[in-house]
Amino acid sequence: MRAALKNDYYVIKISFEGQGDAAKSERWFTQMFITEVKKQLAMSAISKELLNAWSAPFIASDKDGFGESLIRLGERITELCAGSDRELILFIDEVDEISNNELFLSFLEMLRRKYLSASEGDDCTFKSVVLAGVYDIKNIQVKMRPNKEHQYNSPWYVPIRSANRGRRLALRRRRIKMAGSPYDITADFDVDMSFHTGEIETMLKEYRRDHGFDFDTAWFADQIYAYTSGYPFLVSRLCWLIDVKVSREPGFESKEAAWSQDGFQRAVKLILNEQNTLFDDLNKKLDYDKKLKDLVYRIVVCRENIPFNLNDNLVKFGTMFGWFKSLKGKTVISNRIFETIICDELLQERTTSRIYKEGDLEKFQLKSSTELDMDKIIERFAAHYQSIYADRTSDFLENEARMIFLTFLKPIINGSGNYYMESESFDKTRTDIVVDYGGHQYVIEAKIWHGESYEQAGREQLCGYLKRYDLPVGWLISFCFNKEKKKHIGTHEIQFDGKIIRETVV
């Protein structure tokens with residue numbers, strides 16, 4: 001990108017790599033910035049007089065208060081941009097390494113104020129500021145304005161658009177997460193930053209053409225969108241993992257082999273098990289914000305109908321970070337990957353529970369290296385469930401039942417498989433769980449028993465998912481809290497609309 005711009009602009013690139021803890025003095029910070037910019041401009045065609053004026057030492061007093069050096073730096077930026085024969089673009093790399101530094105945040109605020117003044121004709125500043133090496137620009141936004149209303153607009157939250165933006169975003173090796181231009185900072189910033197299926201397929205077709213081998217771009221676009229809802233970092237990361245990591249693993253060992261259904265599932269497994277700032281940030285916020293964690297628990301575990309209302313500060317906060325979205329007016333987790341990360345965080349607290357330990361003890365009897373024995377898994381789960389939770393109240397179990405099953409399942413598939421819950425089935429009474437393991441898929445519907453008439457609706461829904469995934473067999477776990485429970489308990493198999501459904505009532 002820098003090479004494409006250098007003929008029309010003076011492009012300045014500075015990096016804060018390794019300097020996150022060093023920038024403690026305001027005077028040090030401003031002098032460092034001036035020095036780095038000077039190095040960049042010395043190799044350009046900018047006038048020597050302007051460059052000398054830029055790098056002249058400050059006449060500063062030891063009595064200068066906080067902010068004085070930044071004010072003077074702002075004046076230098078004005079003089080530089082006003083006197084230059086070309087507009088200037090500033091790239092700042094490795095932003096995450098210094099994003100907790102108060103001086104850096106004050107510097108960004110200063111640049112923002114300068115743009116606002118420039119838009120009124122009262123100042124002159126950089127044409128664009130590009131922040132690179134930042135996983136989520138909204139983290140910077142919150143830190144810059146911790147006690148103010150957070151808006152999606154700002155000089156740091158505008159996409160760079162180009163014909164090849166998708167492919168460059170998805171397949172570049174550097175993690176340039178977001179670029180910002182100070183040229184659209186209207187109060188109502190309403191640009192959808194997510195990729196849609198068609199955009200994902202377009203970049204995949206470009207990749208396929210560039211690499212000279214064939215794969216089903218439509219299938220991959222649908223699957224990538226299904227797992228990410230178009231969240232830019234997740235889209236780019238999945239593509240990168242397939243292209244770079246999966247293609248080098250045993251069993252694939254080429255890019256062409258990696259762009260397969262097995263390769264995609266491997267990439268999903270890799271992204272769910274890696275540590276990155278995006279997931280770490282989500283988990284930390286859940287750990288530190290009890291109200292947010294309680295809301296997530298109500299959405300994920302209790303399946304409560306939380307209205308999607310952006311006047312609710314928690315809903316607004318989660319939506320700003322891309323964790324929540326509206327589904328038919330309800331607040332739900334925005335994509336499968338976030339849902340799984342959140343569930344894993346909630347399940348982590350249950351690893352000392354007896355049901356988890358039972359699953360861990362029996363896991364090698366319930367699977368092979370390539371397949372799960374789902375019939376046996378549900379049989380053993382039912383036995384342990386009856387033993388461990390027989391004396392629990394129905395109020396507790398109605399909320400916890402599905403998470404109890406996932407707690408048992410987690411150590412069995414851990415390391416080789418993954419799971420997600422279908423958002424379209426989110427309600428308080430039933431949830432469809434899809435498990436991917438060894439190239440096989442298993443669909444399990446977990447529901448609360450509400451009598452025979454309700455069973456029909458559950459079978460129809462499960463059958464619909466089996467048709468979608470082209471699977472012959474599905475499993476139905478019914479949690480029964482009826483006073484005459486014993487006559488319902490057990491497992492039976494039915495043929496329903498051409499599919500086999502194995503139902504277990506516990």
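**Aromatic pairs and their setting**

A: Happy to! Searching the whole structure turns up 27 aromatic pairs. Let's begin with Y385 and Y389: their ring centres lie 5.6 Å apart and the planes meet at 40 degrees, so this pair is tilted. Please keep in mind throughout that this is a predicted model. A pair of aromatic rings is described by two things, the distance of the centres and the angle of the planes. For a tilted pair, that angle falls between the stacked range, under 30 degrees, and the edge-to-face range, over 60.

An α-helix has 3.6 residues a turn, so residues three or four places apart point the same way. Are Y385 and Y389 buried or exposed? Y385 has a relative accessible area of 1%, so this residue is buried. Y389, at 10% relative accessibility, also counts as buried, because the limit for that label is under 20%.

Ring pairs also build a cluster elsewhere, linking Y207, F213, F215, W219, F220, Y227, W259, F264 and Y420.

Now let's step back to the chain as a whole. The chain has 506 residues, and 54% of them count as buried. Its secondary structure comprises 20 helices and eleven strands. Among contacts between residues at least 6 apart in sequence, 69% join residues at least 24 apart.

In α3 (residues 48–55), the buried residues are L50, L51, W54 and S55. These four cover an arc of only 125 degrees around the axis, which puts them on the same side of α3. K48, E49 and N52 are exposed on the other side of the helix. What do the buried residues of α3 pack against? Their partners are α2 (26–41) and α4 (68–83). Helix α17 (residues 354–362) gives a second example, with I355, Y356, E358, G359 and E362 as its buried residues. Looking down the axis of α17, you find these residues within an arc of 160 degrees, so they line one face of the helix.

Next, the strands. Three of them form an open sheet with parallel pairing, in the order β1-β2-β3. At the edges stand β1 (10–15) and β3 (128–131), each with a single partner strand, so one side of each has no neighbour in the sheet. From one strand to the next, the twist averages 15 degrees. Six bridges join β1 to β2 (residues 88–93) in the parallel sense, and S15 stands opposite D93 in β2.

I14 is a handy residue for seeing that pairing up close. This isoleucine is in strand β1 and, at 2% relative accessibility, counts as buried. I14 and I92 are 78 residues apart along the chain, yet their C-alpha atoms are separated by 5.2 Å. Leaving aside residues up to four places away in sequence, I14 touches F33, E36, F91, I92 and D93.

F324 stands opposite I333 in β5. These two strands form a hairpin with two residues between them, and K328 in the turn has a positive phi of about 55 degrees.

That brings us to backbone angles. Most residues other than glycine have a negative phi. E253, however, has a positive phi near 60 degrees. This glutamate is in the loop between α10 (232–245) and α11 (255–258), where its relative accessible area of 59% makes it exposed. D470 also has a positive phi, near 55 degrees. D470 lies in the loop between α20 (452–468) and β9 (473–479) and is exposed as well, with a relative accessible area of 64%.

Terms used. Residues numbered from 1 in each chain as written. Predicted model: local features only at pLDDT ≥ 70, side-chain atom pairs only at ≥ 80, totals over all residues. Heavy atoms only, no water. Phe/Tyr/Trp six-rings, centres within 6.5 Å; stacked < 30°, edge-to-face > 60°. Buried < 20%, exposed > 50% of the residue type's maximum accessible area, 1.4 Å probe, protein only. Arc of directions from axis to C-beta. Contact = heavy atoms within 4.5 Å. Pairing = 2+ DSSP bridges. Axes fitted to C-alpha atoms, helices over the stretch in contact; angles between N-to-C directions.
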